[in-house]
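Q: Please take a close look at the aromatic rings in this structure. I would like to know how they are arranged and what kind of fold they sit in.

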Amino acid sequence: MTLTREAPTAAGSRLSRLRLVLVLAALTMVGPFTIDAIFPAFDVMTRDLQVDEVTMQQTLSVYLLAFAVASLFHGSMSDALGRRRVIVTGCLLYAVASALCALAPSMPLLLGARAAQGLVAGAGMIVGRTVVRDLFDGARAQRFMSHISMIFAVAPALAPIVGGWILGWGSWRTIFWVLSAYGVVLVTITLTSLPETHPAGVRVPFRPRPLIASFVSAAGDGGVLRLSAAIALNFGALFLYVASAPAIVVDHLGLGERDFGVLFVPLVVTMMLGSFLTGRLAGRVRQGAFVLAGMVVALAGGVFAVVYQAVVDVPGLVWTVLPVATASFGVSLVFPILTIALLDSRPRERGAVSSFQSFLSTCVNALVAGAVSPLVSGSLTTLAVVAGCMTLTALALWWWHRTRTLARSGAARDDVVDVHGPAVEPTDQL
């Protein structure tokens, strides 16, 4: 199956838009499921593998660090080899790595298997984003990305709930067997339902030296760096709550391993709502208004959390979850817009730019999971303050980028997304 940019309407005849959204969303869900599904099993795994809680937290950071390193290559490899080939190979290896996690007899071997998971888990997510830009421009790309985000938003809530259910009738190892089966399912639906959107005629050879040069060039591009950092920190604020979920649910709220839904279901609902609004209002509302609104909402939730924790002795469930819900709502408003803006900043190197952004974002998440969360999750107030500082920094970076871009163009309009679509040459693929 081949789908070229020269004939974008072929998507309607070969694959319905809904079907394409579902396939890409399923590929994107690999990350949340790999991270969140094992949260309910942390206590059991800690006892079974005879390690402490800080060591168990490293199952997240090791996975994320490996994910970050590999993410530098997924996009560029898809530029050279095609989208489907990279996705299928990555999903197949993910199934193998998940099986190794299930079989690991000790913590060192489990960490090694988690690193292997991280090396291949990003192929579907990163390359999937480039498929969207292969097919759509401007407001259509933003709208399509928001539709994927709406379905993807189910994953962070569903994963720990499913993990708790599996733990009820199986063991923590069963969770990894289910992840392995999910990898096989992804291979199947990719082969049967996802067209190739990057034809051989426009592919760029995969050579290490030019690849490194493109990453260095991207890192040295102020616009790419500012937008990538803004995306990383904006999502990192939400991920701080996600990584701290065992402490929030079990330690602060006093709930059990099957109760993670009280935190993650509101997260999903607000993320879906934000994604719906972003898609529905694409092309009607100035993009800068979306970004500003999303970050201000997240900041407001953090401010409420600090004030609330200062005046109560025992945290209530609803008011403890509220900052997480506002953070997820803010992220869902901001993420599709900034992602499209970043990809459009260097049209000829969108695969490399996507990989660079994923690398930076995942490094931030690894730092959050392995170091920041263990340090701050003991206090809900400190948790909210640190998350708010990350959002505030993201807002400052975006405003800096917006100001410089407008000053350079001399146009009094938003720079984030041109709703009529970016000017690209026919050979530009993403």
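A: Two residues are in contact when they have heavy atoms within 4.5 Å of each other. In this predicted model, residues 24 or more positions apart account for 86% of the contacts with a separation of 6 or more. The protein has 18 helices and 0 strands. Of its 430 residues, 59% are buried. The accessible surface comes to about 16,500 Å², and carbon and sulfur atoms hold 68% of that area.

Now to the rings. A pair of aromatic rings is described by the distance of the centres and the angle of the planes. Rings count as a pair if their centres lie within 6.5 Å, and by this rule there are 9 aromatic pairs. One of them joins Phe33 and Tyr182, with centres 5.8 Å apart and 40 degrees between the planes, a tilted pair. This pair links distant parts of the chain: Phe33 belongs to helix H3 (residues 30-36) and Tyr182 to helix H10 (residues 172-193), 149 residues apart. Phe33 has a relative accessible area of 13%, so this residue is buried.

Another pair is made by Phe39 and Phe42. Their ring centres are 5.6 Å apart and their planes stand at 85 degrees, so the pair is edge-to-face. Phe39 and Phe42 are both buried. Together with Phe264, Phe39 and Phe42 form one aromatic cluster.

Two tryptophans have a charged side chain over the ring. Arg226 lies over the face of Trp400, at 5.0 Å from the ring centre. For Trp399, the residue over the face is Arg402, at 5.3 Å from the ring centre.

H16 gives the most, with 4 residues.

Definitions and conventions. Residues numbered from 1 in each chain as written. Predicted model: local features only at pLDDT ≥ 70, side-chain atom pairs only at ≥ 80, totals over all residues. Heavy atoms only, no water. Phe/Tyr/Trp six-rings, centres within 6.5 Å; stacked < 30°, edge-to-face > 60°. Helix = DSSP H or I, 4+ residues; strand = E, 2+ residues; numbered from the N terminus. Buried < 20%, exposed > 50% of the residue type's maximum accessible area, 1.4 Å probe, protein only. Lys NZ or Arg CZ within 6 Å of the ring centre and 35° of its normal. Areas by Shrake-Rupley, 256 points an atom, 1.4 Å probe, with all protein chains shown as cover.
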